[in-house]
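Colleague: I am new to this structure. Please take a close look at the aromatic rings, and walk me through them.

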Amino acid sequence: MADSAKPKAVARLQSDTESSRGPSPQPTHVSVPLAHNYTNGHRILRSATVGYIAPEFQGKVEQMKAVREIIQQSSWIPESLIDEQIHWFYQKLGIDDVYFQIETPQVIANQITSLYAAKVAASVREDKHEEIRLDMEANDHAIYIDTSEPGKARLGGPRYEQRLEAKYLDHQGKSKYRVETFRSPAVIGNSPSSKATLRCYFVYQCIFKQKPEETDPKETRLEVIADHGFWQKATQNTKQIYQEIIELAVNRAGPVIEVFDIEGMAEKRLVVAFQSRTARGMFSALSDLYHHYGVTSSRKYVEQFANGITVMSVYLRPAMSLEGNFPPLDESIHQITKEISLLYCIPQNKFNNLFLTGDLSIQETVYAHASWVFVQHFLNRLGPEYASLEDMLDTKDNPSAALLLSKLKRRLRTETFTPDYILEIIQTYPALVRSLYASFASAHLSVGPGFDEHYIAPAPVTEVLSDSKLQEKISKTVANEHDEMVMTAFRVFNKAILKTNWFTPTKVALSFRLDPSFLPAAEYPKPLYGMFLVMGAEFRGFHLRFRDISRGGIRIVKSRSKEAYGINARNLFDENYGLANTQQRKNKDIPEGGSKGVILLDPKQQDKQREAFEKYIDSILDLLLPAQTPGIKNPIVDLYGKEEILFMGPDENTADLVNWATEHARARGAPWWKSFFTGKSPKLGGIPHDKYGMTTLSVREYVKGIYRKLDLDQSQVRKMQTGGPDGDLGSNEILLGEEKWTSIVDGSGVLADPNGLDKAELVRLAKARLMISNYDLSKLSKDGYRVLCEDNNITLPSGENVPNGTTFRNTYHLRDNGMTDAFVPCGGRPESIDLISVSKLIKDGKSVIPYIVEGANLFITQDAKLRLEAAGCVLYKDASANKGGVTSSSLEVLASLSFNDEDFITNMCCDPKTGEPPQFYNEYVKQVQAKIQENARLEFEAIWREHEKTGIARSILSDQLSWAITDLDEDLQRSDLWTNETIRHGVLRDALPPLLLNRIGMDKIVERVPESYLRAIFGSYLASRFVYEFGSQPSQFAFYDL
């Protein structure tokens, strides 16, 4: 190729000095911590070369020769330019020797050739836009080179950071990868106005001494947990920094943030450590954040450690080429450290595009995201017209009208305001979002003692408008009624927030304590007492309760598909409300009211249930505990003004997480840690529901009660069960029941045999907690079959074809198969039988299933229950049948409140070495089981008696009894009976477990247990015994006959 074809030089070096990533002298390290050792730190490093020293590659010269030969043979680069291009790649881009040591000459030659071609293409572009791009991906390493202007986020282009993040940092595989990225000292192009430089990314698969899954999460010895590449390259200074920050990170729920001044340089080192898998999207989001403040990075590193800690280290300096008024570097870095916690909570919010274009700040976009979630759940989609129509139609006696209203309600909620439609509306009004955020921040940003004086306004100064002025501004700005409804919902959100952890420095998820009075009474007739909204990187969730002192489980909802997630998200709050409402009714025998928490995993985070649960719990604790660690947990603005204690327990997908919650509450200094979670390990004083069959004991009393009243031989009763032998309720139902199972439905599919399933085989699965997919098919009769979810086009023994296994599983309980006498739902999604689908279970006006005991919460809607009962089904609902677990939990809490810490460990905690429980524990468990069975029998007999007397449906009687007990309970707590010591102690002596009274004594129990809790015991015991004996509407003199 002729010399005349030689293109113009396309790289103008700013300096002839070597890359800042080259070898350097050993640094001297001086640390100056802040006043508090456990705060996020800001220290000074003496050396400007505090990062990494790459080991020298001895074969580099020979490799360069081999690369030259390959390029020369290809003839793509002019002979006279080959050495220049090789030298540029090897020496001027700052690539260290580790890369050259692991890469082949052929690959390097291809990369140099590709970069040269990109330079040539860039030099002849009509728009003169200078762009050079290169990417190479392999299983164990990758390289990306892109053109970027320092301090500017890229809206278009290949978005390499997001790409490598998704493929190597946030992927679901077991392999871990470390990342090195730096900005080359070269400016691309000859023009003096050129600002673009090359940004290089290198990804390497980690090599650990021991597998991460075999490493103790609390292990902090760097030589044990470090990746080989990091250990080989990091300076002693860097190792010391990482050692200290990892020791903090293993004991911190949220991120640990350190800032280091580098002496003599206008550059700072930002180091962020956090639990791996807890901050999806953090790497690229962090870049967008510091670009917002006119800051650029010269180098960035992502290091992974075998104990599950990720550390990001970023070298930051002002982007000198940017135009605009940016704060000084110190102030910018300080604000960046504060806003990292928001990124950690919501790394990729739905309004990030408005942040990248500068229309909104990071705080405003995250606020818009949180409000968007709120609007989805609480925009009043039904309107007053629906309420008027409901009043006009007689739905109680007209099933057709009820069915029509049910369909209309579902359509209005589903189709009127979709998440995408709400998102589109909000995107249109960034100025309104800014004003609404200013109103929110003015109410919740602390300006009292300890207020951060270095706080930078996250957005241009915005006037804080009153609520009426905000509404006026919204009305004048929006284009139509729908837009006004959505933006007005922001105001509703702001007004409902009583406290939030938004401005807490080290939060792990966003939590809001809301005043539930904004909920429309037409949709939610029973008013809530307390309401929490929580959202994080992997989930969103609620915690709802109907009384101050309440109890209920925390469940995690998973979605098998994006479509299933959409349905689950739409129903999330209603499901939570219904579960808490059911809990309120079935807690009638215990001092606590009803509560429930539901966590919905995001579609792409279905494997993150532990991470989501831990964030959910920790962020709620932020709002329950007083802040005692400045810089970590700052005081929050509390518009509620009262102490709150929540009592929680296990539910779907959380049984193995409650031990962590108990220990975490203790670690955070919660005085009520012993009673915070029930169902925990016996080593922590817990009484596991599944081990002792607490929930099943109550359900079985109702099942056996029906058999007893109707004189049925249960060994001849053909039984269907949803919720298989792998679950708590399902496994214990199999172990305690004596019926003839003809079908079981669980997460894996359907198992059915009209001649009866093999009981011994079912017991084997139940004891091993295995799904029906593990059932020995040789135990089936010729008429039996198993259809798994993944099966398609299966032919049943009857000749029926099953085209789709999942659909068959989801609808099996609605089939009229003629082989079910009793149905006990022990698992399944809420509303699995509703007003529409229930018609499939009614044939010629008669229920095809004679007996149903609803073990699973909300499995059947109330209107469907009434249809079944009207068709002759003997049905006991969840609020009555499924109350054994809450009774067990309540008595577990009572023990933890009654004992002091030392006696609690002695009497209620199993030996940590042998696992053997104390004798008191075993005896107490037996008393708990007896109490569960007693309460269930009392309610069963009361409902049966009232139904025989009045003919009122049992599902209605169950609610009437529940509300009669809870209303009388509250009246009794406020009555003069409580102030009468003789009556008070007499009732408590009957209500409290004899074992506790004998071991501790009445006086000590009264001294240790909070009075409000004792009042609740007094009221609930007296009210439940009275209503069970005299009914929900007794004579006015009945109470005096008690």
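**Rings and their partners**

Modeller: Start with a charge over a ring. R299 lies over the face of Y315, 3.7 Å from the ring centre. A second case involves a lysine: K239 sits over the face of W231, at 3.8 Å from the ring centre. Keep in mind that this is a predicted model.

Now the rings that pair with each other. Searching the whole structure turns up 49 aromatic pairs. Take Y90 and F100, which form a stacked pair. Their centres are 4.1 Å apart, with 10 degrees between the planes. Y90 belongs to helix α2, residues 79-92. F100 belongs to helix α3, residues 97-102.

F899 and F920 show another geometry. Their pair is edge-to-face. The centre-to-centre distance is 5.5 Å, and the planes stand at 85 degrees. F899 lies in the loop between α30 (884-898) and α31 (901-908), while F920 is in helix α32 (residues 919-950), so the pair ties together parts 21 residues apart in sequence. Both F899 and F920 are buried.

Ring pairs link F374, F378, F493, F512, F518, Y524, F542, F546, F573 and Y577 into a cluster.

Two of those cluster members, F573 and Y577, have numbers that fall within α19 (562-586). S559 sits in the loop between β15 (550-557) and α19. With 8% relative accessibility, S559 is therefore counted as buried. What does its side chain touch? The side chain of S559 makes a polar contact with the side chain of N568, at 3.0 Å. Leaving aside neighbours within four places in sequence, S559 is in contact with A564, Y565, N568, L600 and Q606.

Finally, the setting for all this. The protein has 38 helices and 28 strands. Of its 1042 residues, 57% are buried. Among contacts with a separation of 6 or more, 71% join residues 24 or more positions apart. The accessible surface comes to about 42,800 Å², and carbon and sulfur atoms hold 51% of that surface.

Key. Residues numbered from 1 in each chain as written. Predicted model: local features only at pLDDT ≥ 70, side-chain atom pairs only at ≥ 80, totals over all residues. Heavy atoms only, no water. Helix = DSSP H or I, 4+ residues; strand = E, 2+ residues; numbered from the N terminus. Buried < 20%, exposed > 50% of the residue type's maximum accessible area, 1.4 Å probe, protein only. Contact = heavy atoms within 4.5 Å. Areas by Shrake-Rupley, 256 points an atom, 1.4 Å probe, with all protein chains shown as cover. Phe/Tyr/Trp six-rings, centres within 6.5 Å; stacked < 30°, edge-to-face > 60°. Lys NZ or Arg CZ within 6 Å of the ring centre and 35° of its normal. Polar contact = N/O pair within 3.5 Å; in protein donor to acceptor, adjacent residues only side chain to side chain.
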